[in-house]
Amino acid sequence: VGVWGRPDDENPFGKGYTAPTKVYYAPDMSGTVDVACGVDGLTDEEYASTLLQPFKSTAPSIFLGNNDFVSQNVYYMFGDWAEESLLQTERALHVLGVPRPEWLDQAYYSIFVEGETGEI
């Protein structure tokens, strides 16, 4: 899924990470996510929304779920767990209008499912 290529005259196929990957960065050491990925202007919000619906403009009903891709500040990383996979699927269900399951805490849902990036 090559979605962040930012092609230009010098790089007609884009540059940097053009497909989803797990990206951990430390703003005070490595800079922001766009620097970590080598993709000018990439934000955590764009990463998350594009990852959820990589072909939104041409095929809005296609969602990417059950993945382990994330763009995350290392200071908010708690380890590699299945949580991101489950969150991505829950975000897709939210976009499709499926209500929050009763067993899923409202505060958690608001931050991590409905929120832009899922960071506290």
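**A conversation about a predicted model**

Visitor: Is Met-29 buried or exposed?
Guide: In this predicted model, Met-29 has a relative accessibility of 66%, so Met-29 counts as exposed, the cut-off being over 50%.

Visitor: Where is Met-29 found?
Guide: Met-29 is found in the loop between E1 and H1.

Visitor: Which residues form the nonpolar patch with Met-29?
Guide: The patch on the surface consists of Met-29, Val-74, Tyr-75 and Tyr-76. Together these residues have about 420 Å² of accessible area.

Visitor: And Ala-26, buried or exposed?
Guide: Ala-26 has a relative accessible area of 5%, so Ala-26 is buried, since buried means under 20%. The place of Ala-26 is also a loop, the one between E1 and H1.

Visitor: What is Ala-26 in contact with, leaving aside neighbours within four places in sequence?
Guide: Its contacts are Gly-31, Val-74 and Tyr-75. Val-74 and Tyr-75 also belong to the surface patch with Met-29.

Visitor: Let us step back. What secondary structure does the protein have?
Guide: The protein has four helices and two strands. Along the sequence, these follow the pattern β-α-α-β-α-α.

Visitor: How much of the protein is buried?
Guide: Of the 120 residues in the protein, 32% are buried. The accessible surface comes to about 7400 Å², and carbon and sulfur atoms account for 58% of that surface.

Visitor: Which residues make up the largest nonpolar core?
Guide: The largest nonpolar core has eight residues: Val-23, Tyr-25, Val-33, Cys-37, Val-39, Leu-42, Tyr-47 and Leu-51. Strand E1 (23–25), helix H1 (33–37) and H2 each give two or more residues to this core. In soluble globular proteins, nonpolar side chains tend to be buried together.

Visitor: What does Val-33 touch there, leaving aside neighbours within four places in sequence?
Guide: Val-33 is in contact with Val-23, Tyr-25, Leu-42, Thr-43, Asp-44 and Ser-71. A second, separate core has five residues, including Leu-87, Leu-104, Tyr-109 and Val-113.

Visitor: What about H2? Which of its residues are buried?
Guide: Asp-44, Tyr-47, Thr-50, Leu-51 and Leu-52 are the buried residues of H2. They pack against E1, H1, strand E2 (71–73) and H3.

Visitor: Which residues of H3 are buried?
Guide: In H3, the buried residues are Glu-84, Ser-85, Leu-87, Gln-88, Glu-90, Arg-91 and Ala-92. What covers them includes helix H2 (44–52) and helix H4 (106–113).

Visitor: How far apart are the C-alpha atoms of Arg-91 and Glu-114?
Guide: They are separated by 7.1 Å, although the two residues are 23 residues apart along the chain.

Definitions and conventions
Residues are numbered from 1 along each chain as its sequence is written. This is a predicted model: local features need pLDDT of at least 70, side-chain atom pairs count only at pLDDT 80 or more; totals for chains, interfaces and linings use all residues. Side-chain values use heavy atoms; hydrogens and water are left out. Buried means under 20% relative accessible area, exposed over 50%, partly exposed in between (1.4 Å probe, protein chains only). Contact means heavy atoms within 4.5 Å. A nonpolar core is a set of buried Ala, Val, Leu, Ile, Met, Phe, Trp, Tyr and Cys residues joined through side-chain atoms within 4.5 Å. Accessible areas come from the Shrake-Rupley method with a 1.4 Å probe; for residues, only the protein chains shown count as cover. Patches are made of residues with over 30% relative accessible area and no salt bridge: like charges are joined within 9 Å, nonpolar side chains (Val, Leu, Ile, Met, Phe, Trp, Tyr) within 5 Å. A salt bridge is a side-chain nitrogen of Lys or Arg within 4 Å of a carboxyl oxygen of Asp or Glu.
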